[in-house]
Amino acid sequence: MKPKVKRLDISKRRVLCVSDIHGNYDLLDKLLKRNNYNKDEDYLFILGDISRKGNYPLKTLRYVMKLAENENVVVTMGNCDEADYLDFLPQSLEWFKKFMHSKNLIHDFLYEKYHTENFPELSDEELLKLQEEFINTEEIKFIKNLYHVIDTEKFFFTHAKMPKEFDLDNNDYHEFIQGRSFYADGHNIEKTVVVGHMPTTIFVNNYYDNSVLFDESRKFIMIDGGMVVHRGGQINLLEIKDNVPRFIDHIDSLEERIVLKDQIPPTPAKGTCWPYYNIEILQKKKHFSICKIPETLEVCLIKNEMIANDELSTIDDCPGMLLDVKKNDIVKLVEEFPGYSLIKKNSQLGWIKNEYLGEKNEIK
């Protein structure tokens, strides 16, 4: 099926652009309000992955649907949005049963129907009827009819990528909503391409940074801050005025803390991140191991709790350095571990000694 394209002239309006909300309508609402989103004057582009994986799937979808009643709001389909739609097709009955007790649209529809987490025992025939009932709701119809591409004078906006052989009249819409190698593959389009889908931490070289990634020479802007997908993720807000883009804000749900003492790190390092989780332990210490990542040849610090039992890989993304912070800095606490905590300063992740981290109200 060909992509559904929305063509707009954005030269005379401010554009606010987000992606990968993943079920966090409350955070998106706060982000828009504190950046003075004006529904009558501004364009708002939401580049997919609306509800899946987050805390409030159905509430978030309905929040976005309400926003999209305004013609100045354009929403594109993400791979997770299509997956939400496919869950309600008869051939996906096993997935439907699997996700009944997960935080997703299936669960939320069932909870709304039965008003309890203890759903009744249902036969396959009864479940198929529920699938048919839910797929005909306004919410699922909304997902099915989302745009795939926003086309403007200087920018293309889509969820995941632009196909290598770009032809809007002949491309299949799947070529815009899924795929993990877009940044590596590049594109041959004259316009700058704005996408979400893959967290920006994957593509920075020397440290974990969740902010918007600009690559002017290759005409890329990547805005997925990794909300829900990894520790310390956030929703990023891109602003475009007079066709000039800039990263203006981000939001997460992390607890703020005050730094009690300066921490000067060694040489910045990134650590492990998709797809490079393999490590070679060079020296094991009390809280961290000094490790080499074979694919990148980087030497970094890996928290011992993040190392798999076979000591050949990490169990998840793991920042590889202490964070450069000063006394009285306000940071976000991501997770506490023995000896050191994972924190975020602005959009950057790293480690801090636990004794250097106080409560926000300790600031004088």
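## Inside helix α2

In helix α2, the buried residues are Pro 57, Leu 58, Thr 60, Leu 61, Tyr 63, Val 64, Met 65 and Leu 67. That makes eight of its eleven residues, so α2 is largely enclosed by the rest of the structure. What does the covering of these buried residues include? Among the elements that cover them are α1 (25-34), β3 (43-46), β4, α5 and α7. Please keep in mind as you read that this is a predicted model.

An α-helix has 3.6 residues a turn, so residues three or four places apart point the same way.

## Helix α3 and its partners

Let us move on to helix α3, which covers residues 79-86. Its buried residues are Cys 80, Asp 81, Glu 82, Asp 84 and Tyr 85. Which helices do they pack against? The answer is α5, α6, α7 (138-144) and α8.

The model holds 18 aromatic pairs. Take Phe 109 and Phe 134: their ring centres are 4.9 Å apart and their planes lie at 15 degrees, so this pair is stacked, given that planes under 30 degrees apart count as stacked. Phe 109 belongs to helix α5 (residues 105-114) and Phe 134 to helix α6 (residues 124-135), so the pair ties together parts that are 25 residues apart in sequence. Both of these Phe residues are buried.

Now compare the angle in another pair. Are the two partners buried or partly exposed? Phe 156 has 4% relative accessibility and counts as buried, whereas Phe 166, with a relative accessible area of 30%, is partly exposed.

## Charges over rings

Phe 156 has another neighbour to look for: Lys 191 lies over the face of its ring, at 4.6 Å from the ring centre. Over the ring of Tyr 43 sits the charged end of Arg 13, 5.0 Å from the ring centre.

## Asn 72, buried in a loop

Arg 13 and Tyr 43 turn up again around Asn 72. Leaving out residues up to four places away in sequence, Asn 72 touches Arg 13, Lys 39, Asp 40, Asp 42, Tyr 43 and Leu 44. Asn 72 is found in the loop between α2 (57-67) and β4 (73-75). With a relative accessible area of 7%, Asn 72 is buried, because anything under 20% counts as buried. From Asn 72 to Asn 170 there are 98 residues along the chain, and their C-alpha atoms are separated by 27 Å.

How far apart in space are Lys 12 and Asp 87? From C-alpha to C-alpha they are 40 Å apart, and in sequence they are 75 residues apart.

Lys 345 is in strand β20 (residues 340-345) and is partly exposed, with a relative accessible area of 25%. Beyond residues up to four places away in sequence, Lys 345 touches Leu 323, Asp 324, Val 325, Asp 329 and Val 331. Ser 289, in strand β16 (residues 288-293), has 0% relative accessibility and counts as buried. Setting aside neighbours within four places in sequence, the contacts of Ser 289 are Ile 281, Gln 283, Lys 284, Cys 300, Leu 301, Ile 302, Asn 304 and Ile 307.

## A space inside

Rolling a probe the size of a water molecule over the atoms shows where empty space is left. How many cavities of 30 Å³ or more does a search of the whole structure find? There is one, and the largest cavity has a volume of about 50 Å³.

The lining of the largest cavity consists of Tyr 208, His 230, Arg 231, Asp 316, Asp 317, Pro 319, Leu 342 and Leu 349. Sorted by type, these lining residues are four nonpolar, one polar and three charged.

Key: Residues are numbered from 1 along each chain as its sequence is written. This is a predicted model: local features need pLDDT of at least 70, side-chain atom pairs count only at pLDDT 80 or more; totals for chains, interfaces and linings use all residues. Side-chain values use heavy atoms; hydrogens and water are left out. Rings of Phe, Tyr and Trp (its six-membered ring) pair if their centres lie within 6.5 Å; planes under 30 degrees apart count as stacked, over 60 as edge-to-face and the rest as tilted. Helices (H or I, at least four residues) and strands (E, at least two) are DSSP runs, numbered from the N terminus. Buried means under 20% relative accessible area, exposed over 50%, partly exposed in between (1.4 Å probe, protein chains only). A charge sits over a ring if NZ of Lys or CZ of Arg is within 6 Å of the ring centre and within 35 degrees of the ring normal. Contact means heavy atoms within 4.5 Å. On a 1 Å grid over the protein atoms alone, a cavity is a set of points where a 1.4 Å probe fits but cannot get out, and a pocket is an open set with protein on both sides within 12 Å along at least five of seven lines; lining residues have an atom within 4 Å of a point. Grid points are joined across faces, edges and corners, and a volume is the space filled by probe spheres set on the points. Ala, Val, Leu, Ile, Met, Phe, Trp, Tyr, Cys and Pro count as nonpolar, Asp, Glu, Lys and Arg as charged, and the others, Gly among them, as polar.
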